[in-house]
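Here's a structure to get to know from the whole chain down to one residue. Take a look at it before reading on.

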Amino acid sequence: MKINQNVVLITGGSSGIGLALARHFLEKENKVIIIGRSMDKLLSVKKQYPRIHIEKADITVEEDIKVLVHKYPDVNILINNAGIHMECDFKNSSLDTQSIKQEISTDFIAPVLLSKYFIPSLLLKKEAAIINISSYFGISPKQSAPIYSASKAALRSFSKALRVQLEGTSVKVFDILSFRSFIHSIPVSSVL
Ligand SMILES: NC(=O)c1ccc[n+]([C@@H]2O[C@H](COP(=O)([O-])OP(=O)(O)OC[C@H]3O[C@@H](n4cnc5c(N)ncnc54)[C@H](OP(=O)(O)O)[C@@H]3O)[C@@H](O)[C@H]2O)c1
């Protein structure tokens, strides 16, 4: 797949791995749109990289996803990067149900819904990709982060099935076992 002249939408592109990827794609002459909930964080990235497009949205809100799909029909690369990682102990009876739901929703349900809503327009592109940022903990769970690990395992499984479903179409599905230091050092050409 070509690594320039794409329209790349990165969820959670205002910090960490998402921002590192955004920088790589910008350097390669792609249009890059980053998504996050904090406008302050988005604006500070925009100040540093004026060519970047910013969009305030919460990927756990289905209406926000629909707005993104409607507003950016030219996207041909969707990067499901936004994620949260919480430590929790099931021996603790005051474990917060809402936090558990928020983690599953951010790390698994949102990438599934973003895929669902973007795939119809991705299928119309000559070349397209869905890149899901997973984690090594999706293979070998971290005992102190059971919800995170299970959500990443689900995302990996979803990616594999989706890759096969979309075989023969223009949409390629990638699943990246990410480490922050790794992403900072890889060139975009080895992602696509
Ligand atoms: N860091 C690591 O070592 C590591 C290792 C393996 C895998 N990963 C995975 O890599 C991905 C990125 O991790 P990171 O450590 O780079 O993250 P990070 O620095 O904490 O950044 C998370 C990004 O996601 C955004 N975000 C969070 N919830 C959101 C929501 N509901 N809607 C929209 N945006 C949201 C945040 O912006 P706002 O807060 O403004 O919304 C921020 O831009 C995650 O999927 C993570 O699980 C990370």
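Two residues are in contact when they have heavy atoms within 4.5 Å. In the protein chain, residues 24 or more positions apart make up 67% of the contacts with a separation of 6 or more. Keep in mind that this is a predicted model, where local features need pLDDT of at least 70, side-chain atom pairs count only at pLDDT 80 or more, and totals for chains, interfaces and linings use all residues. Residues are numbered from 1 along each chain as its sequence is written, and side-chain values use heavy atoms, with hydrogens and water left out.

Now for the overall layout. The chain has six helices and six strands, taken as DSSP runs (H or I, at least four residues, for helices; E, at least two, for strands) numbered from the N terminus. Follow the sequence and you'll read β-α-β-α-β-α-β-α-β-α-β-α. Along its principal axes, the C-alpha trace spans about 50 × 40 × 35 Å.

How much of the chain is buried? Of its 192 residues, 47% count as buried, where buried means under 20% relative accessible area, exposed over 50%, and partly exposed in between (1.4 Å probe, protein chains only).

Is Ser 149 buried or exposed? Ser 149 counts as buried because its relative accessibility is 3%. Leaving aside residues up to four places away in sequence, Ser 149 touches Phe 137, Gly 138, Pro 141 and Lys 142.
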